[in-house]
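I set out to read this structure entry by entry. I began with its strands, went on to its side-chain contacts, and ended with its backbone angles.

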Amino acid sequence: MASTNELKNGMVLKIDNQLWSVVEFQHVKPGKGPAFVRTKLKAVLSGKVVDRTFNAGIKVETANVDRRDMQYLYQEGTDFVFMDMDTYDQLHVSGDTVGDAANYMLEGTMALVATNEGTPLYVELPAAVELVIEYTEPGLQGDRSTGGTKPAKLETGYEIQVPLFLTTGEKVKVDTRDGSYLGRVSS
């Protein structure tokens, strides 16, 4: 339990048997009447964002969220298997929980896995990853970086848009938040 006066960004609260992450909060002391805390909360599992107001000083239940760096090992059915690098324990995470991160994960990729009482909540990758282009149409003479884009299939099987001058086998940096091309990686 914690007081609403102790809220911090990133803190996870348990409200109505759901987990909510504090996105932002503001203590408000009006000229008359009691003080209150205005918060913006994000549902950990669904990603839904809501505004909620609490009276100042009331107790809210906090959830213990364990965030660990884990290595992605392999996919088993629809589950993804991660290994804790300290204890070598393996954790099965459902494909729904992994979400879009699966588009950028190769075996051996390090990721931050958040759990609550042993239940995986979400998987977070670094902001950018380096992947090899498995296939893209060949570029034509005269294609420049300021030109258009073309689809390229990455080694994970995910397809992104890249500049026309890139070729199959090149390593590129990809933004894991929106799948955008960030640049070519020189070997």
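The entries below record what I looked up, in that order.

**Entry 1: the basis.** I worked from a predicted model, in which local features need pLDDT of at least 70 and side-chain atom pairs count only at pLDDT 80 or more, while totals for chains, interfaces and linings use all residues. Residues are numbered from 1 along each chain as its sequence is written, and side-chain values use heavy atoms, with hydrogens and water left out.

**Entry 2: the open sheet.** I looked up how the strands are arranged. Strands here are DSSP runs of E of at least two residues, numbered from the N terminus, and two of them pair if DSSP finds at least two bridges between them. I found 5 strands in an open sheet, ordered β9-β8-β7-β10-β11, with antiparallel pairing. At its edges lie β9 (90-94) and β11 (119-124), each of which pairs on one side only. Neighbouring strands of this sheet are turned by 45° against each other on average, direction ignored; the axes behind this angle are lines fitted to C-alpha atoms, and angles run from 0 to 180 degrees between N-to-C directions. I noted as background that strands of a sheet pair through backbone hydrogen bonds, either parallel or antiparallel.

Strand β7 (residues 65-76) and strand β10 (residues 110-116) run antiparallel and share 7 bridges. R67 stands opposite A114 in β10.

**Entry 3: the pairings of β12.** Which strands are joined to β12? I found 5 bridges between β12 (residues 128-136) and β15 (residues 171-175), in the antiparallel sense. L131 faces V172 of β15. A further 3 bridges join β12 to β13 (residues 149-154), again antiparallel. I133 stands opposite L154 in β13.

**Entry 4: salt bridges.** How many salt bridges does the structure hold? I recorded 4, a salt bridge being a side-chain nitrogen of Lys or Arg within 4 Å of a carboxyl oxygen of Asp or Glu. In general, side chains of opposite charge can pair when their charged atoms come close.

One of them joins D66 and R68, at 2.6 Å from N to O. I also looked up exposure, where buried means under 20% relative accessible area, exposed over 50%, and partly exposed in between (1.4 Å probe, protein chains only). D66 is partly exposed at 30%, and R68 is partly exposed at 34%.

R68 also meets D84 in a salt bridge of 2.6 Å, N to O. This pair links distant parts of the chain, with R68 in strand β7 and D84 in strand β8 (residues 79-84), 16 residues apart. Is D84 buried or exposed? With a relative accessibility of 4%, D84 counts as buried.

I next turned to R177, which forms a salt bridge with D175, the closest N and O atoms being 2.9 Å apart. R177 is exposed at 66%, whereas D175 is buried at 7%. Through shared partners, salt bridges join D66, R68 and D84 into one network.

**Entry 5: aromatic pairs.** I recorded 3 aromatic pairs. Rings of Phe, Tyr and Trp (its six-membered ring) pair if their centres lie within 6.5 Å; planes under 30 degrees apart count as stacked, over 60 as edge-to-face and the rest as tilted. Y72 and F80 form a tilted pair, 5.7 Å centre to centre with 50° between the planes. Y72 is buried at 6% relative accessibility, and F80 is buried at 7%. Y72 and F82 form a tilted pair as well, 5.6 Å centre to centre and 50° between the planes. This pair links distant parts of the chain, Y72 in strand β7 and F82 in strand β8, 10 residues apart. Both Y72 and F82 are buried. Y72, F80 and F82 form one aromatic cluster.

Entry 6: Most residues other than glycine have a negative phi. N17 has a positive phi, near 60°. N17 lies in the loop between β2 (12-15) and β3 (18-28) and is exposed at 71%. Y88 also has a positive phi, near 65°. I found Y88 in the loop between β8 and β9, exposed at 56% relative accessibility.

Key. Helices (H or I, at least four residues) and strands (E, at least two) are DSSP runs, numbered from the N terminus.
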